[in-house]
Amino acid sequence: MSLKRRACIAGAFEHPTRLARDKSVAQLHAECARGALDDAGLSMADVDGYFCAGDAPGMGPLSMVDYMGIKPRHVDSTDTGGSSYLVHVAHAAQAIAAGKCDVALITLAGRPRSAGSSGTAPTGWGADTPDHAFELPFGANTVNMYALAAARHMHEFGTTAEQLAWIKVAASEHAKHNPNAMLRDPVTVRDVVESPLIADPLHRLDCCVVSDGGGAIVVVRPELARNLKRPVVTLLGAGEACKGLDGGRVDLSYSAARFSGRAAFEEAGVLPSDVRYASIYDSFTITVLVQLEDLGFCAKGEGGRFVSDGALISGVGRLAVNTDGGGLCNNHPANRGGMTKIIEAVRQLRGEAHPAVQVRDCALALVQGTGGRLGSRHGSATLILERG
Amino acid sequence: MSRPPALERSIASVDGRTALFASHCRGCGRVLFPVGSVCAQCGGADLDRQALSPTGSVFAWTAVHRAAPGWKVPYVVALVDFPEGPRIFAQVDAAPEAMRSGMPVRVAFGRPPAGQPDDAYYFTVEPS
């Protein structure tokens, strides 16, 4: 069953907070839900499908639907890390196409900034986690599992720290127009490469922000979307994939976007050259570069040249990427960047991005998410969305 | 953090030295680290155990400059290719300046350079 034009995004909301010391995670979920439903012109009583990832508080979807007063006939708590929310959009479209729900609500929230999480501590997920024994106790933290991929990309393809820095520069040029962005000051290539090393070759400014907050999306049946007040955004194609260590011989040169991207483009019947705006998961600069290659925006190994010289700056370069400032400058709520990637693509397709970064005649957008660790195992999801 | 229980089957003595052990899949021939019960390539369960060579070569490495309290920074971590096939992650007892891709390293056991965990395997630089 193709998902092409089987569901629409009718509501989207990014929580304006970046530091929520006095709010619970459940409260943030509920505020995001309210914001997205208000945006769509719907109410909690209209929701009959609910989606959250495995990090939702309490017993996940059971606690959240109880907390928010939702009576769902379909729930899904698929967790593929930061890419979960793209997977949820695709799964919501499947459920709608199968008649299992009509109005699907997807929420994300978290408070890693208040909790003091930085991603530099080797954190495990318990003694039963398969990788706990073989990476984490021996010094692997989140940053270094991306740094290894960056180091290998440099070794294999001659990519430079300055090329990676251009990805951050583009994000900062967009974030200066976003009043809610955590980092609003434009930076230069030199600023990035002279910032402290976190895990070689990734510097502090190659890393995303740590922020509290969240977001929500409402996915509905196309017939319903046409009767709501907001400009319609329609799902054209979706793909999801996982990549792991491949039996202990991890290949660091590519991500699972190679597979999720191909599936999404095939379903949508479009090409990378048709895409007017792209939200690309930016946990680190290297994440963007590798995904752009794997999605086919440029050849493998050419990513460094592709992103250089302002190429990702809206109105300046060849492809506008992350015009809200992305995770690198704007927001990375709950250490999961997929939700905000979808929301900025919706803004672009509605023509509601900041005028300084709005892509002219933005009719087709791509959303790319990864979750987990680029250097070991991760999930990837790709959405292709059209205006109207 | 002490050595994880799941590693006990992957560290043992052979020919008077302590060695890393891997699983060899009789079905597809894949050599998998650590010793497991399912082949990650073909899903087969007919596995036997074999010792890995004491040396391998660096596939990719990074120096970690920000870590949790109690970890001595900078410390180097690497993915190391063993001749039998597995690509294994661990710390390296070397200065960042001494590191390069392809360099030979040797497996060692005990407390690694970052000082954590207290019992692990790690790599030392092997004269090339």
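Predicted model: local features only at pLDDT ≥ 70, side-chain atom pairs only at ≥ 80, totals over all residues.
1. As to geometry, H3 spans residues 84-97 of chain A and H13 spans residues 338-350 of chain A; their axes lie 6 Å apart and the helices pack at an angle of about 60°. H3(A) is therefore oblique to H13(A).

2. A further helix pair consists of H5 (residues 142-157) and H10 (residues 285-294), both of chain A, whose axes come within 10 Å and cross at roughly 60°. Angles of 65 to 115 degrees would count as roughly perpendicular, so H5(A) and H10(A) are oblique to each other. The crossing of H5(A) past H10(A) is left-handed.

3. On H5(A), the residues that make this contact are Tyr146(A), Ala149(A), Ala150(A) and His153(A). H10(A) contributes Ile286(A), Thr287(A), Leu289(A), Val290(A) and Glu293(A). By class, the contact of H5(A) with H10(A) comprises six nonpolar residues, two polar and one charged.

4. Which residues lie nearest the centre of the second largest pocket? They are Asn178(A), Pro179(A), Asp324(A), Glu344(A) and Arg347(A), out of 17 lining residues. The lining of this pocket divides into seven polar, six charged and four nonpolar residues.

Notes:
Residues numbered from 1 in each chain as written. Chains lettered and ligands numbered in written order. Heavy atoms only, no water. Axes fitted to C-alpha atoms, helices over the stretch in contact; angles between N-to-C directions. Helix = DSSP H or I, 4+ residues; strand = E, 2+ residues; numbered from the N terminus. Parallel < 35°, antiparallel > 145°, perpendicular 65-115°, else oblique. Left-handed = near helix turned anticlockwise from the far one by under 90°. Contact = heavy atoms within 4.5 Å. Nonpolar A, V, L, I, M, F, W, Y, C, P; charged D, E, K, R; others polar. 1 Å grid on protein atoms, 1.4 Å probe; cavity = no way out; pocket = protein on both sides within 12 Å on 5 of 7 lines; lining within 4 Å.
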